[in-house]
Amino acid sequence: MEQQKRYGHFDDQHREYVITNPQTPWPWINYLGNEDFFSLISNTAGGYSFYKDAKFRRITRYRYNNVPMDNGGRYFYLKDGDTVWNPGWKPCKTPLDFYECRHGMSYTRITGRKNGVEASVLFFVPLKKWAEVQKLTLTNQSQETKTLKLFSFEEWCLWNAATDMENFQRNFSTGEVEIEGSTIYHKTEYRERRNHYAFYHVNAPIQGFDTDRETFVGLYNEFANPDAVMEGKPRNSHAHGWSPIASHYIEVTLAPGESKDFVFILGYIENEQDKKFSALQVINKEKAHALIAELDTTEKVDKAFAELCEYWDALLNIYKVKTGNDKLDRMVNIWNQYQCMVTFNFSRSASFFESGVGRGMGFRDSNQDLVGFVHQIPPRARQRIIDIASTQFPDGGCYHQYQPLTKRGNNDIGGGFNDDPCWLIFGTVAYIKETGDFSILDEMVPFDNQPGSEVTLFEHLKISMDHVIKNLGPHMLPLIGRADWNDCLNLNCFSWDPNESFQTTENVSEGTKAESLMIAGLFVVTGKDYVALCKKLANGQRSTVNGQWSMVNVQCDFAEEANRMQQAVDAMIEAVKKHGWDGEWYLRAYDFYGRKIGSNECEEAKIFIESQGWCTMAEIGAEDGMVAKSLDSCKKYLECEHGMVLNNPAFTKYIYEYGEISSYPEGYKENAGIFCHNNPWVIIGECIAGRGNDAWSHYAKILPSYVEEKYQTLHKVEPYVNCQMVAGKDAFRPGEGKNSWLTGTAAWMWYTVSEFILGIKPDYDGIRIDPCLPETATDYTVCRKFREAEYEITIHPNGVQKGVKAITLDGQPIEGTVIPYSVGKHVVEVVM
Ligand code: BGC
């Protein structure tokens, strides 16, 4: 039998995934940077860097979907006699004697060995610094003295990643650089409106350099065999226009056993308008010099790296589980939380599937991402909520996306996605429950970023709820607008023109009867949250953690508001029971003409996952058995070996009235793909219904560590994170994964496992304990930092799937299932 190919394995002790074969089935990447300066790096050192915004401040160039795949990155070439090689194997692809890539928490270490020389590069972005550090360690492991020629390589992007790849008539004449000692500066467009430049530095004297791409590579050569490297001779080229690059040339001699470090720094600088130049056409380099001085020795770099590791230690110490099941523990304690931070940072903008030019930060996406991240750095979540709410319109609608650099709503896409407003409640409630900081509701937040239009955040939540209520259709269900969570269910689009975008085209909406059961469920879930919040506020419970009273600005009769919204929620529940039930499952929607979608009466796509997830989470009709039937139908029709598909049966033809959803071939994306993002909705539905065995079996099917073997060949994408979509049962090759990293799946997997399966739920007054487990679960302990407290919670499941029997807090029995919040360390025992 053919031996199963493996490309790597987990190293939990170091919180790393170790790749041992560079020829992974797809580039397996990592993210560097935590706040402003970011890089994407593949296991062969491919990728690029940017400052804040992958579109408007792209620092280095990248070519997507290239031949060969993943072409371009930060490359080190070593010429040892006639052999030229790279520590990350690419681009030369010279066979290595040893290769290893360790992707860790915001760092990547790539090591290669060839002919007795080891080259190991540690890549990371130091905390609070606008720079990528590349610490290269060369070691002579042979018995002879080695004389090596070292070339570094970065290719500059002309800042705007979109025009960089299209406007060549201009681009080829604008490129400018400066060279000073061992630093190469990139200053294209700095002479005019830009106040920023980049640099690439090495902390050693250089014996040559190149800054012009064609001179370095040669027009008929490639990154795999650049002229200058193959000849072992830099050209000392100075770029004027064309494509500027940065390459240092260093001659290194190493005695047997000797090791040398080189610190390379890729930095980004902004200057004030009146301090841009030090002389005519000479950039002011003061800040660059200062940044370099902070990182220009091995000691300084090691210290910065230790700080980064401590930062991650602290973040990952907030929620730690010990179940004794390595596969579960490593996802909960390391990778799931790490992916949550990455998606929080990038929304859906920059990955190896998202080009960084097409999409900014999503309104609904960011609110969901926040739920996976809020326990890590609450102040950043707080800021994000304000930024998101600032893109809302006075009627409660909102921009679907905004650009991170400007924080302005994206006009290209606009608004009209009718689920969007509800997500603001989802995000804000999660923030308050985590922090106890009710004062956020008091923040004055503008509409569409217009100064003078500010109202309190609470007011934004209110109009978000109202937006749904004011946009109901003939069945008193929410009108869908352009689309709900499923961007591809375009019921008002009606497009026969391939040049129209499904997302932004709304050819008909006047007189529409298109309603969404997904929004109905979402409205009930977030509406209940909103009502509970109003009741808290009505009770006067508005103090922040440190006991200070806030809520000065909000003028509202909260009891009355709670009442008003409860009625709207009740009405919605009735509408779903009356018009949204198909007998065995919830309908998905009504189309423009008021015809059922996702019904047994339909020819195809008789059942959809989204409404099953949201309506079971909302427990609509639980008393009449609707929830149980819906969950059973998911198992019966949607479940397959790799997870639950989005709809079944798949669409086999394009349906004009449905839009993009029916544009995909069977089994992919929104047409019956396993859209991992929505699987947790059903899993939470299972948990709420107390069906722990089913919840767990759905969860384990899409948990990367559980199916790691599949990733090595079938899934193809990174085995340490969730991907957006796995090809469904109707696909040509079921089980193939796509769109890794940036997906709401991260936050939803976290929310599901941390709060609903393991059952540790932050609440206004403390931590609610409510696990839902498979019968096979054994005792486990969660250490949870919560505000100023730390809880060590041990759960004894006793073979029970759901239901807490008794809780003791520091040895004393407590009433109910909420551990009341109090500062300090506490020990909790839970018996189920
Ligand atoms: C988008 C989400 C959307 C989902 C389903 C994702 O790619 O980022 O906003 O809800 O697809 O269509």
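Predicted model: local features only at pLDDT ≥ 70, side-chain atom pairs only at ≥ 80, totals over all residues.
Helices, like strands, are DSSP runs numbered from the N terminus, with at least four residues needed for a helix.

Helix H16 spans residues 679–688. Of its 10 residues, 9 are buried, so H16 is largely enclosed by the rest of the structure. The buried residues are Asn679, Pro680, Trp681, Val682, Ile683, Ile684, Gly685, Glu686 and Cys687. Just after H16 comes glycine 690, whose phi is positive, at about 80°.

Strands E37, E38 and E43 form an open sheet, in the order E37-E38-E43 and with antiparallel pairing. The edges are held by E37 (760–763) and E43 (818–820); each has a single partner strand, so one side of each is left without a neighbour in the sheet. From one strand to the next, the twist averages 30°. The antiparallel pairing of E37 with E38 (residues 766–769) runs over 4 bridges. Within this pairing, aspartate 763 stands opposite glycine 766 of E38.

A pair of aromatic rings is described by the distance of the centres and the angle of the planes. In this model the count of aromatic pairs comes to 72. One of them joins phenylalanine 438 and tyrosine 764: the ring centres are 5.6 Å apart and the planes lie at 25°, so this pair is stacked.

A second aromatic pair is made by phenylalanine 494 and tyrosine 593, with ring centres 6.2 Å apart and planes at 75°, so it is edge-to-face. Distant parts of the chain are linked here too, since the two residues are 99 residues apart. Phenylalanine 494 sits in the loop between helix H11 (457–469) and strand E27, while tyrosine 593 sits in the loop between E28 and E29.

Strand E28 (residues 589–590) runs antiparallel to E29, and 2 bridges join them. Tyrosine 590 has lysine 596 of E29 as its bridge partner.

Ile807 and Leu809 make up its covered face, and Ala806 and Thr808 its uncovered one. E41 pairs in the antiparallel sense with strand E44 (residues 824–831), over 4 bridges, and also with strand E42 (residues 812–813), over 2 bridges. Threonine 808 takes part in both pairings: its bridge partner in E44 is glutamate 829, and its bridge partner in E42 is proline 813. E41 and E42 form a hairpin with 2 residues between the strands, where aspartate 810 takes a positive phi near 50°.

Met165, Phe168, Phe172 and Trp242 make a nonpolar surface patch of about 400 Å². One of these residues, phenylalanine 168, is found in helix H2 (residues 168–171) and counts as partly exposed, at 37% relative accessibility. Isoleucine 179 is located in strand E14 (residues 177–180) and is likewise partly exposed, with a relative accessible area of 27%. From isoleucine 179 to tyrosine 338 the separation is 159 residues in sequence and 38 Å in space, taken from C-alpha to C-alpha.

Conventions:
Residues numbered from 1 in each chain as written. Heavy atoms only, no water. Pairing = 2+ DSSP bridges. Axes fitted to C-alpha atoms, helices over the stretch in contact; angles between N-to-C directions. Patch = residues over 30% accessible without salt bridge, like charges linked within 9 Å, V, L, I, M, F, W, Y side chains within 5 Å. Areas by Shrake-Rupley, 256 points an atom, 1.4 Å probe, with all protein chains shown as cover. Salt bridge = Lys/Arg side-chain N within 4 Å of Asp/Glu carboxyl O. Buried < 20%, exposed > 50% of the residue type's maximum accessible area, 1.4 Å probe, protein only. Phe/Tyr/Trp six-rings, centres within 6.5 Å; stacked < 30°, edge-to-face > 60°.
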